[in-house]
Amino acid sequence: MVAYGLENAVEKDHYEVGPDTWVYLFEEKDKNYLLVSTDYTGDYEFEAFPHLLKLSNGVEFVLQREVLVVNDCLTEKVSNTVLFEYAD
């Protein structure tokens, strides 16, 4: 989360949603974040927001925006992750 400028984010939950794909839920400053860690991030490239994301376990999230990496020194370490802000 440091790479995204959210070093104080607290993990709320996590889900395994497929082979080699995990979703982690975080909260920081009254905002919710969803981190996808996967071998193939193309499944999580969206053109328009808000975007409804339905996970294979039946859980749904309304993604508000993609959060970009702000610490270029850590880009390689997060190359297989995508972070979104989501609404409850």
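This is a predicted model: local features need pLDDT of at least 70, side-chain atom pairs count only at pLDDT 80 or more; totals for chains, interfaces and linings use all residues.
Six strands make up an open sheet with antiparallel pairing, in the order S1-S2-S3-S6-S5-S4. The edge positions are taken by strand S1 (10–18) and strand S4 (51–54); each has a single partner strand, so one side of each is left without a neighbour in the sheet. On average, and with direction ignored, neighbouring strands of this sheet are turned by 35 degrees against each other. Strands of a sheet pair through backbone hydrogen bonds, and such pairing is either parallel or antiparallel.

**Pairing of the edge strands**

How many bridges join S1 to strand S2? Strand S2 spans residues 21–28, and seven bridges link S1 to S2 in an antiparallel run. Within this pair, Asp13 has Leu25 of S2 as its bridge partner. S1 and S2 also form a hairpin, with two residues between the strands. Asp20 lies in that turn and has a positive phi of about 60 degrees.

S4, at the other edge, is joined by four bridges to strand S5 (residues 60–67), and S4 and S5 run antiparallel. Here Leu53 stands opposite Phe61 in S5.

| Residue | Relative accessible area | Class |
|---|---|---|
| Asn32 | 8% | buried |
| Val67 | 8% | buried |

Asn32 counts as buried because its relative accessibility of 8% falls under the 20% cut-off. Which side chain does Asn32 join in a polar contact of 2.8 Å? The partner is the side chain of Lys12. Leaving aside residues up to four places away in sequence, Asn32 touches Lys12, Phe26, Glu27, Phe84, Glu85, Tyr86 and Asp88.

Not counting residues up to four places away in sequence, Val67 is in contact with Tyr4, Tyr33, Leu83, Phe84 and Glu85. Val67 and Leu34 are separated by 33 residues in sequence, and their C-alpha atoms are 9.7 Å apart in space.

Phe84 and Glu85 are among the residues touched by Asn32, and Phe84 and Glu85 are also among the contacts of Val67.

Conventions: Residues are numbered from 1 along each chain as its sequence is written. Side-chain values use heavy atoms; hydrogens and water are left out. Buried means under 20% relative accessible area, exposed over 50%, partly exposed in between (1.4 Å probe, protein chains only). A polar contact is a pair of N or O atoms within 3.5 Å; within protein, one must be able to donate a hydrogen and the other to accept it, and residues adjacent in sequence count only if both atoms are side-chain atoms. Contact means heavy atoms within 4.5 Å. Two strands pair if DSSP finds at least two bridges between them. Axes are lines fitted to C-alpha atoms, for helices over the stretch in contact, and angles run from 0 to 180 degrees between N-to-C directions.
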